[in-house]
Amino acid sequence: MPDVSVLMTSVGAYLPKKILTNQDLSVFVETNDEWIRQRTGITQRHIVDDGELTSDMAREAALKALQRVGLDGSDIDLIIVATTTPDDTFPSTATKLQHQLGATCAVAFDIQAVCAGFVYALDIADAMLRTGRGRKAIVVGAESFSKILDWKDRSTCVLFGDGAGAVILERDDDPSDWGIRSSILHSDGAHRDILFVDGGPSSSADVGHVRMEGNKVFRHAVEKLSSVMDEALAAAGMTVSDVDWLVPHQANIRIIDGMQKKMQLPSDRVIRTVDKHANTSAASIPLALSVAVNDGRIKNGEIVAFEAIGGGLVWGAALVKYGRPKN
Ligand code: ACO
């Protein structure tokens, strides 16, 4: 039994109002609805409006998560925003969010692990709360990926969308089997060239665009995700039969289905939102979690498995007993 527990007590999400369907895309890039659906499972994506920023989406998601459990910004000690598409090079989107939430006592910073950003941020927040550097944290995944897409490159621009999701973590000094049960991360920079952005502050004058050898990324995905999930299960002292829900990173329906089969989970135990949200990078897991908590599928006390892989390569998995023990 751990010394303390770090509970995941709430979730909130935000999606921009503007929707871009596959049909809309086919008007300006050589693609079609059938190809996108068959290869990816995506039917539409949400896209930020002019002037709508990553921090705006992060704020809306964070406010919903706070409201759900009756907290406000002044209750929060730690804010981590996972994003590859911050408002500015600096200061961080997290400090902007801190100010907007009135979280005057919180430590706030961004982390960048692309599509694995949420599981990375979760791991860092868990470690910080466990070691006493705060009692309550907001972990946000927020992305305006539409801003770094090459809208002429059909092999990438059809895959991504914008949005934000946030969870509240709370340290509980009564050790229990609730909350974050395990978290495992990996990185391998040798694969940098199969998924990257061809720009950035020190390498180029431009922000750059997403470049991906999709089939090479695909080949790494299920193998790395299933092996890190095995590690996370072992670290938590669990087996797949203990898992109530898989909330995977939503990159491609074929990767999600591949994971479901590899884990031998019943199909209806996997949360799939890639059809409506596309790949929202660091936001995809908390967005999917929010959908399934709001529609009543994921309930207090159920075991949720998270996994994600992204550019780097970086990947990870976490197991969480969601919610709060009833007194
Ligand atoms: N519309 C129509 N045709 C297309 C499109 C499109 N949008 N995009 C590519 N094609 C064509 C290609 O040109 C190619 O044509 P050719 O055979 O004549 O050369 C054909 O379709 C097949 O292309 P592939 O790239 O081999 O297709 P694949 O089956 O691999 O699917 C996809 C591509 C969907 C990108 C898939 O590889 C994938 O999902 N990969 C993983 C992506 C991922 O998980 N990324 C991780 C996270 S992202 C992050 O970290 C930022």
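This is a predicted model: local features need pLDDT of at least 70, side-chain atom pairs count only at pLDDT 80 or more; totals for chains, interfaces and linings use all residues.
The protein is divided into two domains, with domain 1 spanning residues 5-172 and domain 2 spanning residues 179-321. Taken over C-alpha atoms, the centres of domain 1 and domain 2 are separated by 14 Å. Contact between the domains involves 51 residues of domain 1 and 45 residues of domain 2.

The largest nonpolar core comprises 47 residues. Within this core, L25, F145, V210, M229, L246 and L319 touch the most other members. Two or more residues are contributed by each of the helices α7 (214-236) and α8 (253-263) and by each of the strands β12 (303-310) and β13 (314-321). Helix α7 provides the largest share, amounting to nine residues. The core lies between domain 1 and domain 2, because both domains give residues to it. In general, nonpolar side chains of soluble globular proteins tend to be buried together.

The surroundings of L25 illustrate the contacts made by one member of this core. When neighbours within four places in sequence are left aside, L25 is in contact with L20, T31, I36, R45, W151, C157 and V158.

The ligand is surrounded by 27 residues, of which T31, R39, C115, R154 and N252 are the closest. For W35, an N or O atom of the side chain is 3.1 Å from an oxygen atom of the ligand. In the case of R154, a backbone N or O atom lies 2.9 Å from a nitrogen atom of the ligand. A backbone N or O atom of N215 is likewise placed 3.4 Å from a ligand oxygen atom. The ligand taken alone exposes 1,000 Å², and 75% of that area is buried by the protein. The shell around the ligand receives two or more residues from each of α2 (33-40), α6 (154-157), α7, α8 and β12. With four residues, α7 gives the largest share of this shell.

Helix α10, formed by residues 284-294, is mostly covered, with nine of its eleven residues buried. The buried positions in α10 are S284, I285, P286, L287, A288, L289, S290, A292 and V293. Just after this helix, G296 adopts a positive phi of about 85°.

Residue G208 is located in the loop between β9 (195-197) and β10 (210-212). The relative accessibility of G208 is 10%, and this residue therefore counts as buried. Apart from residues up to four places away in sequence, G208 touches I148, V197, D198 and G199. The C-alpha atom of G208 is 12 Å from that of W151, and these two residues are 57 residues apart along the chain. Residue S55 belongs to helix α3, which covers residues 54-68. With a relative accessible area of 0%, S55 is buried. Its contacts, neighbours within four places in sequence being left aside, are with D87, T93, K96 and Q100.

Two cis peptide bonds were examined in loops. The bond from F90 to P91 is cis, with omega near 0°, and P91 is placed in the loop between β4 (78-82) and α4 (93-101). A cis peptide bond also joins G312 and L313, with omega about -5°. Residue L313 is situated in the loop between β12 and β13.

Positive phi values in residues other than glycine were examined next. Residue Q264 has a phi near 55° and is placed in the loop between α8 and α9 (274-277). The relative accessibility of Q264 is 71%, and this residue counts as exposed. Residue A278 has a positive phi near 60° and occupies the loop between α9 and α10. In contrast to the exposed Q264, A278 is buried, with a relative accessible area of 0%.

How values were computed:
Residues are numbered from 1 along each chain as its sequence is written. Side-chain values use heavy atoms; hydrogens and water are left out. A nonpolar core is a set of buried Ala, Val, Leu, Ile, Met, Phe, Trp, Tyr and Cys residues joined through side-chain atoms within 4.5 Å. Buried means under 20% relative accessible area, exposed over 50%, partly exposed in between (1.4 Å probe, protein chains only). Domain bounds come from an automatic or database domain assignment. Contact means heavy atoms within 4.5 Å. A residue is near a molecule or strand if one of its heavy atoms lies within 4 Å of it. A polar contact is a pair of N or O atoms within 3.5 Å; within protein, one must be able to donate a hydrogen and the other to accept it, and residues adjacent in sequence count only if both atoms are side-chain atoms. Accessible areas come from the Shrake-Rupley method with a 1.4 Å probe; for residues, only the protein chains shown count as cover.
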